[in-house]
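Here's a protein chain to look at together.

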Amino acid sequence: MNLQPGKLLRLYVNEHDQYEGRPLYEALVDRCRELRVAGATAFRALEGFGESAELHRHHVFGGDESIVITIVESREKAQEILPILQVMMNSGLIAVTDVDVTVISKGVPTALT
């Protein structure tokens with residue numbers, strides 16, 4: 001296995017959070033692409049709560065669901081992008097975890113860039 005050290009960033013935001021007039025989760029993912037991050041994925045949570053202890057869950061007619069954006073990157077790139085993403089967030093939480101990463105491209109392990 002070709003494992004290398006990396007960072008897993010999980011950004012927790014609410015569906016209705018905004019950045020410059022658009023959904024924050026969309027703006028964060030777009031900014032990651034502009035910063036040439038290896039990848040970012042936004043997930044809609046089924047249920048959760050944060051600092052207010054208010055329960056966020058899916059409702060048929062909308063609601064304020066939690067969104068988790070997951071990013072896996074090299075340590076260096078994570079350190080570079082973290083302050084940029086923090087500035088975009090008015091509220092939320094960012095969890096950073098050390099991970100071992102293997103990138104597979106066309107069936108061949110490659111380096112995380």
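**Reading the labels**

Leaving aside neighbours within four places in sequence, L85 is in contact with L11, L28, C32 and I71. Contact here means heavy atoms within 4.5 Å.

Q: What kind of model is this, and which local features count?
A: It's a predicted model: local features need pLDDT of at least 70, side-chain atom pairs count only at pLDDT 80 or more, and totals for chains, interfaces and linings use all residues. Residues are numbered from 1 along each chain as its sequence is written, and side-chain values use heavy atoms, with hydrogens and water left out.

Q: How many helices and strands are in the chain, and what makes a run count as one?
A: There are two helices and ten strands. Helices are DSSP runs of H or I with at least four residues, strands are DSSP runs of E with at least two, and both are numbered from the N terminus. From that end, the order is β-β-β-α-β-β-β-β-α-β-β-β.

Q: Why is E20 called exposed?
A: Exposed means over 50% relative accessible area, buried means under 20%, and partly exposed is in between (1.4 Å probe, protein chains only). E20 has 70% relative accessibility, so it counts as exposed. You'll find E20 in the loop between β2 and β3, with a positive phi of about 50° although it is not a glycine.

Q: What about R36: buried or exposed?
A: R36 has a relative accessible area of 70%, so it is exposed. It lies in the loop between α1 and β4, and its phi is positive, about 60°, although it is not a glycine.

Q: How do you know that the buried residues of α1 line one face of the helix?
A: Start with the list: in α1 (residues 24–34), the buried ones are L24, Y25, A27, L28 and C32. Seen down the helix axis, they fall within an arc of 160°, so they line one face. That arc is taken from the directions from the helix axis to the C-beta atoms. The face turned away from the buried side carries the exposed residues R33 and E34.

Q: What covers those buried residues of α1?
A: The cover includes β1 (4–14), β7 (66–73) and α2 (75–88), among others.

Q: What makes a set of residues a nonpolar core?
A: The members must be buried Ala, Val, Leu, Ile, Met, Phe, Trp, Tyr or Cys residues joined through side-chain atoms within 4.5 Å. The largest one here has 19 residues, of which L11, V13, L28, I69, I71 and L85 touch the most other members. β1, α1, β7 and α2 each give two or more residues to this core.

Q: Why are α1 and α2 called roughly antiparallel?
A: Angles over 145 degrees count as roughly antiparallel, under 35 as roughly parallel, 65 to 115 as roughly perpendicular and the rest as oblique. α1 and α2 pack at about 155°, with their axes 11 Å apart, and are therefore roughly antiparallel. The contact is made by L24, A27, L28, R31 and C32 of α1 and I84, L85 and M88 of α2. Axes are lines fitted to C-alpha atoms, for helices over the stretch in contact, and angles run from 0 to 180 degrees between N-to-C directions.
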